[in-house]
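Subject: Structure for your review

Dear colleague,

Please find the structure below, followed by a summary of what was found in it.

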Amino acid sequence: MHHNPISITQLSHSYPDGTEALRQINLSIRATERVALVGANGSGKSTLLLHLNGILLPQTGEVVIGELSVAAANLVAVRNFVGLVFQNPDDQIFMPTVWEDISFGPMNQGLSQEAVLHRVHHAMLAVGLDYETYAARIASNLSGGEKKRVAIAGVLAMQPQVLALDEPSAQLDPRSRRQLIQLLHQLPLTQVIATHDLDLALELCSRTIVLSHGQIVFDGSTEVVMNDRAFLEKHALEMPLSYARPYCELQHQCELQHQAVQNRIAGQYYR
Ligand SMILES: Nc1ncnc2c1ncn2[C@@H]1O[C@H](COP(=O)(O)OP(=O)(O)OP(=O)(O)O)[C@@H](O)[C@H]1O
Ligand SMILES: [Mg+2]
């Protein structure tokens, strides 16, 4: 286990049309840390994640994963180290059937057939895809949420040390989203989660990085930033629903009142 599995220094990226997507990014992520990457549409989250497993190579600056610099010569090792779940599962799933797609990575890692089968079973179980129902399905016919789960399973099956997830909860129904949160919570891996789901960020990540126009404008406590309504609005974000919904505040007040009454009752009985 590496002390700092991700270390990025002075990373900038411009797309061929001149769009400056990342500007002088510096960050370091420790082993088994879970970090949320948030920011408005177009702020650079996906561009940053694409650098973590070398789909994009640094134009300026450096990305180091474990002890490997992300460069053309290290791509195979980097991709075994970092599993990236794309924002759009159609960019990820490229084999005809669910089984072929999820088994592709572990097969390429040179595992025995039995080990591959075990990995695929396990990964499908982890994302809540029933093996009997889904293994032989044609992947392109699946619903958006089912595809997202196949994409996540394909990455889990490779057993990477770092998991980079781009909008993992988008398209998932509430129960699947809840299962995903539980799964990510249990996985003892370094995780970088780009998300518009600020409630998910709040539940899973004690640290949040906020991107705005390709720059890091905040890197610190998730609770602190999610409570800063003015800062979030400045960067086109809104408070998590669990903080902002009026009836949640009301419920919180009711709970406090209920607790006060309970305490009084307990006081009468136990004094
Ligand atoms: N292939 C590309 N060619 C040109 N510009 C691009 C390309 N991909 C992304 N961009 C631009 O780079 C910037 C950052 O895009 P990116 O996809 O990283 O943002 P994001 O934070 O992931 O947004 P979203 O929340 O919509 O997923 C945007 O201005 C976007 O228009
Ligand atoms: Mg994106």
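In what follows, angles under 35 degrees count as roughly parallel, those over 145 as roughly antiparallel, those from 65 to 115 as roughly perpendicular, and the rest as oblique. Axes are lines fitted to C-alpha atoms, for helices over the stretch in contact, and angles run from 0 to 180 degrees between N-to-C directions. The model is predicted: local features need pLDDT of at least 70, side-chain atom pairs count only at pLDDT 80 or more, and totals for chains, interfaces and linings use all residues. Residues are numbered from 1 along each chain as its sequence is written, while chains are lettered from A and ligands numbered from 1 in the order in which they are written.

Helix packing

Helix α3 (residues 98-108) packs against helix α6 (residues 144-156) at an angle of about 30 degrees, and their axes are 7 Å apart. α3 and α6 are therefore roughly parallel to each other. The contact (C-beta atoms, placed from the backbone, within 7 Å) involves Val98, Asp101, Ile102 and Gly105 of α3, together with Val150, Ala153 and Gly154 of α6. Four of these residues are nonpolar, two polar and one charged; here Ala, Val, Leu, Ile, Met, Phe, Trp, Tyr, Cys and Pro count as nonpolar, Asp, Glu, Lys and Arg as charged, and the others, Gly among them, as polar.

α3 also meets helix α4 (residues 113-126): the two axes come within 9 Å and cross at roughly 125 degrees. α3 and α4 are therefore oblique to each other. On α3 the contact is made by Trp99, Ile102, Ser103, Pro106 and Met107, and on α4 by Val116, Arg119, Val120, Ala123 and Met124. The residues of this contact comprise eight nonpolar, one polar and one charged.

Ligand 1

Ligand 1 is surrounded by 13 residues, of which the closest are Tyr15, Ala21, Lys45, Ser46 and Thr47; a residue is near the ligand if its C-beta atom, placed from the backbone, lies within 6 Å of it. Helix α1 (residues 45-52) gives the most to this shell, with three residues. Helices are DSSP runs (H or I, at least four residues), numbered from the N terminus. By class, the shell holds two nonpolar, nine polar and two charged residues.

Domains

The protein chain is assigned domain 1 (6-239) and domain 2 (244-271), with bounds that come from an automatic or database domain assignment. The C-alpha centres of domain 1 and domain 2 lie 40 Å apart.

With kind regards

Conventions:
Helices (H or I, at least four residues) and strands (E, at least two) are DSSP runs, numbered from the N terminus. Two residues are in contact if their C-beta atoms, placed from the backbone, lie within 7 Å.
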